[in-house]
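Hi,

Here is the structure I promised to pass on. Please have a look when you get a moment.

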Amino acid sequence: MKEELMDKIRLALQNNAGIKTRNDASRFFKKGEKALVYGVKTAEVTKIAKELNKQIKTYSKQDVFDICEELWKSGYLEEAIIACKFTESLKKQYETADFEFFKRLVNKYVNNWADCDTLCNHTIGTFIMMYPEYLNELKKWAKSNNRWTKRASAVSLIIPARKGLFLKEIFEIADILLLDKDDMVQKGYGWMLKAASESNQKEVFDYVVSKKEVMPRTALRYAIEKMPKELKAEAMKK
């Protein structure tokens, strides 16, 4: 059953792969990031996942998780996207025990920003909204030595931040990541602050201004991106 589905996924990806898309995709990744690509456009990958979602509805959650881990193991970007779409589709079935599985995916398989953001924005972000007691786990992630685990601590809160949730914890995670020298981490927590500013502009502005002497410019620019011009100018003042 699982093997049949895996074969179906890989055949669909191979049949929709293109050389130009594969070459274009390689430009999105920087030094230190790894991703194998078939060369399938994201819209087509999403379409394939959606079609196969009908099939996995007949599987147990554990079977789907097992399939997802096999997809992650391959190292292919498109297979990871499909795995994320599958885990997203199970959100009504999430329970606290699933956090260990999600944590394993982040720590063991995520090795580029696209994988990190695709998994964290929806799957882990939704889990955190359902079980906010796991915010403390994200704070632990922020102290990791793994750049992607650190980024994950922030980008898992993008959707909750837009909804105005967890502002206290967002600032706590930003504090932990504040001086990190990795631009992927800086962009991650800057994006988290930007998302939070959509519902809590004043609070985020005040936070950024209070930290601007030490906050890396990359993170600062991300954080204020959606603010009015006058606030941006104030925040960027030396």
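Below are some notes on a helix pair and on the pockets.

This is a predicted model, where local features need pLDDT of at least 70, side-chain atom pairs count only at pLDDT 80 or more, and totals for chains, interfaces and linings use all residues. Residues are numbered from 1 along each chain as its sequence is written, and side-chain values use heavy atoms, without hydrogens and water.

The axes of helix 1 (residues 2–15) and helix 3 (residues 42–56) come within 11 Å and cross at roughly 160°. Helices here are DSSP runs (H or I, at least four residues), numbered from the N terminus. Axes are lines fitted to C-alpha atoms over the stretch in contact, with angles from 0 to 180 degrees between N-to-C directions. The two helices, helix 1 and helix 3, are therefore roughly antiparallel (angles over 145 degrees). Helix 1 contributes L5, K8, I9, A12 and L13 to the contact, and helix 3 contributes V45, I48, L52, Q55 and I56 (heavy atoms within 4.5 Å).

Now the pockets: each is an open set of points on a 1 Å grid over the protein atoms alone where a 1.4 Å probe fits, with protein on both sides within 12 Å along at least five of seven lines; lining residues have an atom within 4 Å of a point. V40, T42, L77, I81 and A114 are the closest to its centre among 21 lining residues. Helix 5 (77–89) gives the most to that lining, with five residues.

Best wishes

Definitions and conventions
Parallel < 35°, antiparallel > 145°, perpendicular 65-115°, else oblique.
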